[in-house]
Amino acid sequence: MPRGQPLATVFWLLLSLGVALPLWVLAWRGLGDLAILPRVLDLAGVSLLLALLGSLLCLGVGGGLAWLAFRARLHTGWDTLLLPAYLVPPFVGALGFLYALQLVNVQPYGVGGILLAWTAHYAPVAYLLLRPALESKLAPLLLACEVHGVTGWKRVRALVPPLFPALVAAFGALYLTLLGNFGVPAVLGLPAQVYTLPTLAYARLFSPASPDPLGEAAAIGLLLGLLAVPALLLSSQPTGEPSPRPLRPRGVWAARGAFILFALLAVVFPLVGLVRRALFNTFTGAFQPAFGDAWALPLVRQGLFNSLLLALLATGLLLLLGLLLAPHRGALKRLRQVLDLHYLLPGTLLALGLILLLAPTPVYATPWILLLAYLLNFAALMLRSMEAGLESGIERLVGVGKLFGLRHGRAWWKIGFPLLRPYLAAGVFLVLPLCLAELTLSAMLYAPGSETLGVAVLSALNGGLFREAAAIGLMLMALSLLLLWVPRKGVVG
Amino acid sequence: MLRLENLTKNFGKAGVFGASLHLTPGEIVAVLGASGSGKTTLLNLVAGLLEPDSGRIFLGNEDVTRQPPEKRGLGYVFQDHALWPHLSALEHLLLVMKTPDRAQAHHLLERVGLGGLEARKPHQLSGGQKQRVALARALAAKPRLLLLDEPYSALDPVLREELRLEVALLLRAEQVSALHVTHDPDEALAVADRVAVMEGGRIVQVDTPAEVYARPQTLAAARAFGRLNLLAVEVQGGQVQLGGQTWAVHGLERGPGLLAFRYEDLAVAPEGLPAKVLAVYGGRGERLCRVNLGVGEAVVKLSAAPGEQVRLAPLGELRVFPLSQEARAHEQGKAR
């Protein structure tokens, strides 16, 4: 065993324990308040069923679109029609559906509205997870079926089983996301008293009637964690490189139609709701943009300032961390694995854990607790982006530079970092908007003076300022759509 | 220039075992062997990309065994080029030069036939042009030793032949010592002053290409150059009996063995072994026939028509390699 190895093992063990400390504290406190659980088991059931049903819907719609696109050999440019639905923050999408459904006189609140907003937002995730799996795993098998005349049931038997791992992984990822989602149930569930575990934990935490709000919220968080853990085992990403296959396009117009229909329902429909509310007076119908009124709200200005500050700081620090760790791929991977815990598990658990851990410190009730939460929550995302770059062969090319006599630092400066640039940009464009429009963590961790933009929207909504909420939502939507220009290409070689 | 002393790197079944080799200044040595014979591992040990379990590596008089790659002053031409995608051809050279000299870099690019393409990035170059950039980069570093790892295997045959001759000329003109890994015997014959044949991680023979081809010391060395026929035989008193013919052999005095001969080692002779021509093929200036010798089939350089009966005899004494029973059964199976 190398001399430094036991020391390194101890270091990583301590770091893992430290990073997981909020969860340990949450578990400890939650175990002391288990008495609440029998009273919330029915809600846990609702949460579980909603997450399962939502995952199946997303998988059905996203998987269906992936299949249609795969059979039609649809160009990836068509993805642009699906992506806006995913790039807009879920609670903004929910806000859009709230107003749009009211426009057509459909009751937006409750299970139906939540499932609709979830499906619109997360079906593109299922699409993005399954399309590469179809291209890499199914294309050669389908080609073999076509060439050898395998049709009907036999074809289904030949094609479906190889796809199971990808389907299970996509389902696991969707289930984890929906179980922990706070924004959509907060907008479309809370007003109708439809609770999921994250919104219930939120409600208990701020309940003036509860004798021990923090303990009860922790116990609910513990239950949420228990429901999430099994899915962690399923949520590994399906792998496989797409390889071009000479498959004949089938159902091109059906696929194009489905993409357009999805874009109309999932993007244009809520957008119309938001635009109508934000730009026109609800009662008179006159053109009267609400942006000025929204900006006049001190909470909005404060929220924008805090969100910008936190987003820039969190992204900058994570970028720096990524750059420092890039030359040490092993350490980067290990740290990412440790931090995956907070990225994959519902944000509610992290927020409650941080409250319990830091309540006695001066950091509590300041923007800095939010910064810490953002760093812990989004670090894995930035590090994954860096890892993708390193796995694309950049590390080897730096090694080639060293072989030609370049010193370690110079080799990274001249070769490694320039080649990592697209991956750094992808990481920044992923983390920055997520921080800007974050709601789950900030809704639980904010204090007067440290409100974020998400909190401002939620407060405006709760205070009956629907038009102002729509105006801020519209701005957030526009901001999120900038993500469409994210450089997705890797290194050209 | 380069001295390897008893170099070992054990990966379990694969690796390099007890390899010793010596390169003189300006010499080009080809390391020839089948896939998995340890060629690339040997190259990576010399480059410092792998650390040996035992043995020593000297560059000049300097022991570089534990030195990191960047301190060894080597050039490396990779099979997949390993070019930096964000740099132009010229920038590749300038980055590795100890004192960047644009005029010299331009001159070097001219020499490898890339004049006018200095500003192009790898994705704007063809496969052959990329390989030329890789070579120019390696030369620009003014390496003490150049390592080439199957540098032409990704190129089409015409370009491969053209480029390897050009590169060999260039290396000789620049007096650069080179260790050139390849599994292509034609490449080894074309570029190398000497050939080191590897099998199972060991260097089994080091000699001039002509000598290894004509007088291989092991079966692996004989096989490394291809164009080989193998017939399972029983040797008695330095002779083998084939279809009533007695041929004198060397390499084995008595017992089971494999008679090894090249396509050109048999010729038509009135008193020779009767053989029937089964098929005729070839090109590139020679005509090859697959013949049935009665005791097995062989490929022979011969002018004959399919179905024709000929008599064949060896031009000189042939070589027999001793074989275990197990290996013999395997060879007999293959011969059938």
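Which residue in β13(B) is the bridge partner of Gln241(B)? The partner is Thr246(B). The strands concerned are β12 (residues 239-242) and β13 (residues 245-250) of chain B. They pair in the antiparallel sense over 4 bridges.

## Ground rules

This is a predicted model: local features need pLDDT of at least 70, side-chain atom pairs count only at pLDDT 80 or more, and totals for chains, interfaces and linings use all residues. Residues are numbered from 1 along each chain as its sequence is written, chains are lettered from A and ligands numbered from 1 in the order in which they are written, and side-chain values use heavy atoms, with hydrogens and water left out.

Helices (H or I, at least four residues) and strands (E, at least two) are DSSP runs, numbered from the N terminus. Two strands pair if DSSP finds at least two bridges between them.

## The barrel of chain B

In chain B, 5 strands close into a barrel. Their order is β11-β12-β13-β19-β14, and the pairing is mixed. The twist averages 50° from one strand to the next. Such angles run from 0 to 180 degrees between N-to-C directions, with axes as lines fitted to C-alpha atoms, for helices over the stretch in contact.

## The open sheet of chain B

Chain B also has an open sheet of 4 strands, in the order β2-β1-β4-β5, with antiparallel pairing. Its edge strands are β2 (15-23) and β5 (62-63), and each pairs on one side only. Strands of a sheet pair through backbone hydrogen bonds, either parallel or antiparallel. Here β1(B) and β2(B) are joined by 6 bridges. Lys9(B) has Val16(B) in β2(B) as its bridge partner. The hairpin of these two strands has 4 residues between them, and there Gly12(B) takes a positive phi near 100°.

Phe58(B) stands opposite Asp63(B) in β5(B). Helix α1 (residues 39-47) of chain B lies across β1 (2-10), β2 and β4. The helix runs at about 115° to β1(B).

## Where the chains meet

Contact means heavy atoms within 4.5 Å. By that rule, 17 residues of chain A touch 20 residues of chain B. About 1700 Å² is buried between the chains, and carbon and sulfur atoms give 70% of it. Buried area is the accessible area (1.4 Å probe) that two parts lose on being put together, summed over both. Arg396(A), Leu403(A) and Phe404(A) supply 42% of the area that chain A buries against chain B, more than any other three residues.

There are 4 residue pairs in polar contact between the chains, both residues at pLDDT 80 or more. A polar contact is a pair of N or O atoms within 3.5 Å; within protein, one must be able to donate a hydrogen and the other to accept it, and residues adjacent in sequence count only if both atoms are side-chain atoms. On the side of chain A that touches chain B, α17 (367-403) and α18 (408-436) are the elements that give two or more residues. The largest share, 6 residues, comes from α17(A).

## Salt bridges

A salt bridge is a side-chain nitrogen of Lys or Arg within 4 Å of a carboxyl oxygen of Asp or Glu. Arg396(A) forms it with Asp80(B), the closest N and O atoms being 2.7 Å apart.

Within chain A, Arg131(A) pairs with Glu135(A) in a salt bridge, with the closest N and O atoms 3.1 Å apart. Both residues lie in helix α6 (residues 111-147) of chain A. They are 4 residues apart, about one turn of the helix.
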